[in-house]
Amino acid sequence: MSDQKPKVAFYWCASCGGCEEAVIDLAEDILKVVEAVDIVFWPVALDFKKSDVEAMEDGSIAVSFINGAVRLSEQEEMVKLLRRKSQLVVAFGSCAHLGGIPGLANFWDKESIFNRAYHTTPSTDNPEGVVPQEKCTIDGKELYLPSFFNTVYALDQVIDVDYYLPGCAPPRDLIMNAVQAILEGNLPPKGSVLSPNKALCEDCDRNDTKPEKLAIKDIKRPWEVILDPEVCFLAQGVICLGPATRTGCGQRCISANMPCRGCFGPTDQVIDMGAKFLAAFASILDADDESEVEKIVETIVDPAGTFYRFSLPTSILRRRKMEEKR
Amino acid sequence: MSQQAFEPKLVGFLCNWCSYTGADLAGTARMTYAPNLRIIRVMCSGRVDPQFVLKAFQEGADGVLISGCHPGDCHYQEGNYKALRRHRLLSKMLEQFGIEKERFRLEWVSAAEGAKFQKVCNEFTEQIRKLGPLSWNGGKKNE
Ligand code: SF4
Ligand code: SF4
Ligand code: FES
């Protein structure tokens, strides 16, 4: 028994599939992983079923990598099952870690999302107004669908999480480091985010071009300007979340001449990434007088969506206020 | 809770050098004002991290006040300008969360303006009383 390879599971919840792709993108490295472990569950690639997982002994999976946010009852059920069966759970990628892009749905709720998706989008063709039901009967058979939550959750709001692999999607070197650390039992304290605890700016090649005292008046969105490929985005008046974002991605967006959108989440010292960025960003607005400040603020389109692009469900407020049900 | 019985819960971050002293003056001068504001003394209005404001709303505040020295008078030169910029940007963001602009207020109150502090307190309390409770319910697992 002791020479048995450690069992590993992969699962996806509310996600785009990019995290699965990140695993495939390990390319030849994945062969090393496959050599060292036994993959016992991976719906996107292997034909194991939920019942196979149920049949396993509790705690018999060494580690489950779970990507995606939790927005359906089915996802909640599956992650609770995997938690029970696993010694370690790693929240894999921004959506499991912070809520991610699906978490932006927390500016709406079930009713408004269904209304939009099944009734009012220009491409909706639904003359009978059919809306998915959790239970329906067809030809005398009862069919069930999972329920759709009003609120999207990060993984640790639903189950206990041991480690976080940040990023949309997590980069290959961080994944391999994590796998290796797990195989060697060489792990940091529980709850750690497996990427260095400092801000992206500190590693950014453009940091030297950032003036000591930034002061910006004209805020532009990336598509409105031809971006200088060497100068700090903030110095160009373009919102870059680098100052509030954890490093470790290898400056992926910056090298592609796009500002950081914050997919790695905050450093350990910060509770609410959006508020932290807001504080820093407001400080560098170049105006002292009320009407001038207001004029600049007016040009900042969608501050909540920009500052919480990946982290709304794990922010202090977590979502837009729910309308009272009458 | 009926509208009648609603007593707004307000949190106020007051800077040590001006507004807190102004509030103190209102007290020592025995001015009466609405008791709804829970005062937190900070060294400067520029010290108010937006996270504090969000936390106050999330934990049940119906309104949040930041009060500092008048422009040009900040003990640390620029703290109140910072507070002003953050206030305007945060107000805009709070509206996206469904929290009305009126619930988040910024005022300049000097150490000598006990009467202004009294007025701000009373006005803010009445304004929020009209607006009703915020009853923040965001994100609880209530499906
Ligand atoms: S703000 Fe963005 S571009 Fe500027 S130094 Fe930081 S990460 Fe680099
Ligand atoms: S630059 Fe920012 S958004 Fe882009 S990958 Fe890195 S952390 Fe994520
Ligand atoms: S000390 Fe009063 S606002 Fe800065």
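Contact here means heavy atoms within 4.5 Å. The structure shown is a predicted model.

**View 1. Helix H4 of chain B and the elements that cover it.**
Helix H4(B) itself comprises 18 residues, 114–131. At 1.5 Å a residue it should span 26 Å, and because its end C-alpha atoms are 26 Å apart, the model agrees with that expectation. After the helix comes B:Gly132, which has a positive phi, near 90°.

An α-helix has 3.6 residues a turn, so residues three or four places apart point the same way.

**View 2. The interface between chain A and chain B.**
Contact between the two chains involves 43 residues of chain A and 35 residues of chain B. The area buried between chain A and chain B is about 3500 Å², with carbon and sulfur atoms giving 61% of this area. Of the area that chain A buries against chain B, A:Ile316, A:Leu317 and A:Lys321 provide 21%, more than any other three residues.

**View 3. Polar contacts and salt bridges between the chains.**
Four salt bridges are counted between chain A and chain B. In a salt bridge between A:Lys276 and B:Asp49, the closest N and O atoms are 3.0 Å apart. Polar contacts across the interface of chain A and chain B amount to 20 residue pairs, with both residues at pLDDT 80 or more. On the side of chain A that touches chain B, at least two residues each come from strand S8 (148–153), helix H10 (273–283), helix H11 (290–298) and helix H12 (303–307) of chain A. Helix H10(A) contributes the most to this side, with seven residues.

**View 4. The surroundings of A:Glu74.**
A:Glu74 lies in helix H4 of chain A, residues 73–85. Its relative accessibility is 37%, so A:Glu74 counts as partly exposed. Leaving aside residues up to four places away in sequence, A:Glu74 touches A:Tyr11 and A:Pro146. Although A:Glu74 and A:Pro146 are 72 residues apart in sequence, their C-alpha atoms are 5.4 Å apart in space.

Definitions and conventions
Residues are numbered from 1 along each chain as its sequence is written. Chains are lettered from A and ligands numbered from 1 in the order in which they are written. This is a predicted model: local features need pLDDT of at least 70, side-chain atom pairs count only at pLDDT 80 or more; totals for chains, interfaces and linings use all residues. Side-chain values use heavy atoms; hydrogens and water are left out. Helices (H or I, at least four residues) and strands (E, at least two) are DSSP runs, numbered from the N terminus. The expected span of a helix is 1.5 Å times one less than its number of residues. Buried area is the accessible area (1.4 Å probe) that two parts lose on being put together, summed over both. A salt bridge is a side-chain nitrogen of Lys or Arg within 4 Å of a carboxyl oxygen of Asp or Glu. A polar contact is a pair of N or O atoms within 3.5 Å; within protein, one must be able to donate a hydrogen and the other to accept it, and residues adjacent in sequence count only if both atoms are side-chain atoms. Buried means under 20% relative accessible area, exposed over 50%, partly exposed in between (1.4 Å probe, protein chains only).
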